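This report describes a two-chain structure, shown below. Please look it over before reading on.

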Amino acid sequence: MRTEMRTEMRIPKRTFDAVIVGGGGAGLRAALQLAEANLKVALISKVFPTRSHTVSAQGGITAALANVSDDNWHWHMYDTVKGSDYLGDQDAIEYLCRNAASAVYELEHMGLPFSRLEGGKNAGKIYQRPFGGQSQNYGGEQAIRTCAAADRTGHALLHTLYQRNIAARTQFFDEFFALDLIRDADGYVLGVTALEIETGQPWAFESRATLLATGGACRVFRHSTNAHINTGDGLGMALRAGLPLEDMEFWQFHPTGIPEVGSLISEGVRGEGGFLENKDGEKFMSRYAPNARDLASRDVVARAIAQELRAGRGCGPRGDYVHLKIEHLGAEKIKARLPGIRELSMQFAGADPITDPIPVTPTAHYMMGGIPSNMHGQVVAPIHTGPEEAVPGLYAVGECACVSVHGANRLGGNSLLDLVVFGRAAGMHMIDYLRENPIPRPLPQAEVEKSLGRLARWDKPKGTETVAGLRGDMQKVMQDHCGVYRTEALLKEGLAKLDQVEARLPDAALSDHSRMFNTARLEALELENLMPIARATLVSALARTESRGAHTREDHPQRDDDQWLRHTLYFSENDQLDYKPVKLKPLTVETFQPKERTY
Amino acid sequence: MRFRIYRYDPESGNKPSMRDYELDIDPQGRKVLDALIAIKDTLDESLSFRRSCREGVCGSDGVNVNGANVLACITPLEGLKEPIEIRPLPRLGVIRDLIVDMAQFYQHYRAVKPYLINLDPEPENERLQSPEDRAELDGLWECILCGCCTTSCPSFWWNPDKFLGPAALLQGYRFIADTRDQATDERLDFLEDPYRLFRCHGIMNCVEVCPKNLNPTQAIGKIKTLLVKRAL
């Protein structure tokens, strides 16, 4: 970087109206809103933006366009509330579903190459496919609601948003790794510290508003569908700034990941007519979800597969997967609608789905919890008075945030929607906030120093532990103790093991202390973000003595609305837990009262 | 398995060199990226490379393996001749080890204005596009910007600053081919240049190496056809 401005600080500083951390769909959508409002916005990303994990999203983005089946956003809202196992906040869910159609049209206007419908009165409109948990008329027939660009919808969405940001002249800081929030004594967030990866130079980014859009953290697990970069960096930053994480016990295990490798096989495969079979050739989903069968909600299908495997009905020499079959769709349809899936299956499972079944098993996929935020993207926490006081200057959007629209279980196709609806909402709110707060507050030097100290810790010359070793051990603990099925004993044992892994962290050292593009140092910093996330998960899961959505406690198999219709808040200090009520009141429509959830 | 990997540490003052590694890994079902990660985790923490999705969709880990540009994460170890030689993508500056400076590549991408230009008022709903018109975009929009094609192209090697290269030209054509885009003339004006477009001599290395099986040469040919038609 050429334009260096020296301050009294030891490190150079850049000043912007707004700083966005993360270049996936959520960060890019928010950046676009700000850049098009002629604000000075910097987008910091640890990878070139099109390498972000949004690119891996496959099946689609859900919106009640009614291009194929009769539809409206009220039905989509009902499905989302039900899918969340009633833990989702209904005001935010109304906002999400009410704005879904316009968000998708907006993407189309931006140039997103959606697949198109053939023939009839809807010829040339956006293609939609069936997805799990989507119904017409509040739990009736399957709805056809998920908008798709073949099976590469995330790629199409991410590239389109990046391209619009080029047009809007957003300022990108590619391959900058955000270290810490800079938060002053009054609680205002005034920017971030970040490491320029290529040179190893730390920078201060000063901004009146800061948005975290750092994505998920499934790399706490040994097997996951997630990219290597999904290390929950924003969550680590929030915890270190004294902020809580919400609902961290809820992680989605996607029913269909490729065993060992983890690569995702889209729910769109079942949406297009694929089905699951056990080793006896039985289409077992009809036993678990007689109506929706293979298109039941993800938590339901994941548990069903896990049950089949436990009962010894898994396929393969170890009986550790089931079959996903689509041969009957025919080569032409598979090539047109599911080309990416076919590629992945051939590359990573050695199976061409035109002729062979795809081996699949439940795999960690999505973090429903995250940094507590509201539907304007503001980060909210119990600070002085209520449980939801806005942290001035701080926003969070996308998988790193917990709005909460996904509650205890996210529906497929609602994740890409979350990114663009709340990315835009956060951008709009930040514009107002910046107008109301025109004067920058002084940057607290001590906070910046603290961050540099954290970085300097990895200059330690010698140690007995390695980053890769500790990461592997942490991932094994999470995989073994915090999977689809949980019990108090299992979780307690997991927490004790995690204590031991964490205790070894101070003894870790790098052998590579170079400055330029030191990826070993990045992995160390990422581990420091992952470790407290694993802890938050185990502590939150241990406390919740019920089964709801993706959190299944075998020792507490029932949902318990009297006791647990509430959100968990986890604080790093002493592993403290707090709770806040679920918002059952939507913005304008009637509440969807919690009831038994069947598919 | 035996590996020979290109190493360059910009801080050491030493010239780049090839380093040998012997890794205990079962190649069955594993990819080159698995080996790189295993080497970094167990043998040499300083080995540096980019990676993200590990499934061939993000385009981070383009490298040269035994002389061919590939994505490390989808290239099977099985069947590769040992020692497996891994080098950075050719012609771009090396920042460190397998990490190349992509600035020039991204600059060419930006130069083609890779975004839809349509100045009409936006309709209430989606703009209509027939499935046939939409099919014109297949084989174009799936590009992951990994750089395997551009860095395998001799025309790019000779004129990296002036010839846009197959990846950027493919994206240029992606918007020309989109029935929703209104800037075809402007786009063709920009490309009608002895270097930007016409340095492509149809060598087709790009087609051979593209990990997504796209065909930049064909897209470039279609741009040339449009320019000829326009001149008539």
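At 7% relative accessibility, A:Arg521 counts as buried, where buried means under 20% relative accessible area, exposed means over 50%, and partly exposed lies in between (1.4 Å probe, protein chains only). A:Asp459 has 41% relative accessibility and therefore counts as partly exposed. A:Arg521 and A:Asp459 form a salt bridge, with their closest N and O atoms 3.3 Å apart. A:Arg521 sits in helix H16 of chain A and A:Asp459 in the loop between helix H13 (445-456) and H14 of chain A, so this pair links distant parts of the chain, 62 residues apart.

This is a predicted model, in which local features need pLDDT of at least 70 and side-chain atom pairs count only at pLDDT 80 or more, while totals for chains, interfaces and linings use all residues. Residues are numbered from 1 along each chain as its sequence is written, chains are lettered from A and ligands numbered from 1 in the order in which they are written, and side-chain values use heavy atoms, with hydrogens and water left out.

**Salt bridges**

A salt bridge here is a side-chain nitrogen of Lys or Arg within 4 Å of a carboxyl oxygen of Asp or Glu. Side chains of opposite charge can pair when their charged atoms come close. Over all chains, the rule gives 75 salt bridges. Four of them are set out in the table.

| Pair | Closest N and O atoms |
|---|---|
| A:Asp17 and A:Arg208 | 2.9 Å |
| A:Glu108 and A:Arg116 | 2.8 Å |
| A:Arg521 and A:Asp459 | 3.3 Å |
| A:Glu175 and B:Arg50 | 2.6 Å |

Helices (H or I, at least four residues) and strands (E, at least two) are DSSP runs, numbered from the N terminus. Both A:Asp17 and A:Arg208 are buried. A:Glu108 and A:Arg116 are buried as well.

Salt bridges can also share partners. One network formed in this way joins A:Asp85, A:Glu249, A:Asp299, A:Arg303, A:Arg544, A:Glu546, A:Arg548, A:Arg559, A:Asp561 and A:Arg597.

**Where the chains meet**

Contact means heavy atoms within 4.5 Å. How many residues does each chain bring to the contact? Chain A brings 66 residues and chain B brings 58 residues. About 5100 Å² is buried between chain A and chain B, and carbon and sulfur atoms give 50% of this area. Buried area is the accessible area (1.4 Å probe) that two parts lose on being put together, summed over both. Of the area that chain A buries against chain B, A:Arg51, A:His109 and A:His228 supply 15%, more than any other three residues.

The rule finds six salt bridges across the interface of chain A and chain B. There are also 42 residue pairs in polar contact across this interface, both residues being at pLDDT 80 or more. A polar contact is a pair of N or O atoms within 3.5 Å; within protein, one must be able to donate a hydrogen and the other to accept it, and residues adjacent in sequence count only if both atoms are side-chain atoms.

Several helices of chain A each supply at least two residues of the side that touches chain B, among them helix H4 (100-110) and helix H5 (153-167). H5(A) gives the most to this side, with eight residues.

**A helix and a lysine in chain B**

Chain B has eight helices and seven strands. Of its 232 residues, 56% count as buried.

Helix H2 (residues 103-111) of chain B has B:Phe105, B:Tyr106, B:His108 and B:Tyr109 as its buried residues. Seen down the axis of H2(B), they fall within an arc of 155°, so they line one face of the helix. The arc is that of the directions from the helix axis to the C-beta atoms. These buried residues pack against H5 of chain A, together with helix H4 (154-158) and helix H5 (165-176) of chain B.

B:Lys212 is in the loop between helix H7 (205-209) and helix H8 (216-231) of chain B. Is B:Lys212 buried or exposed? Its relative accessibility is 10%, so B:Lys212 counts as buried. A polar atom of its side chain lies 2.8 Å from the backbone oxygen of B:Gly56. Leaving out residues up to four places away in sequence, B:Lys212 touches A:Glu343, B:Gly56, B:Val57, B:Glu142 and B:Ile144.
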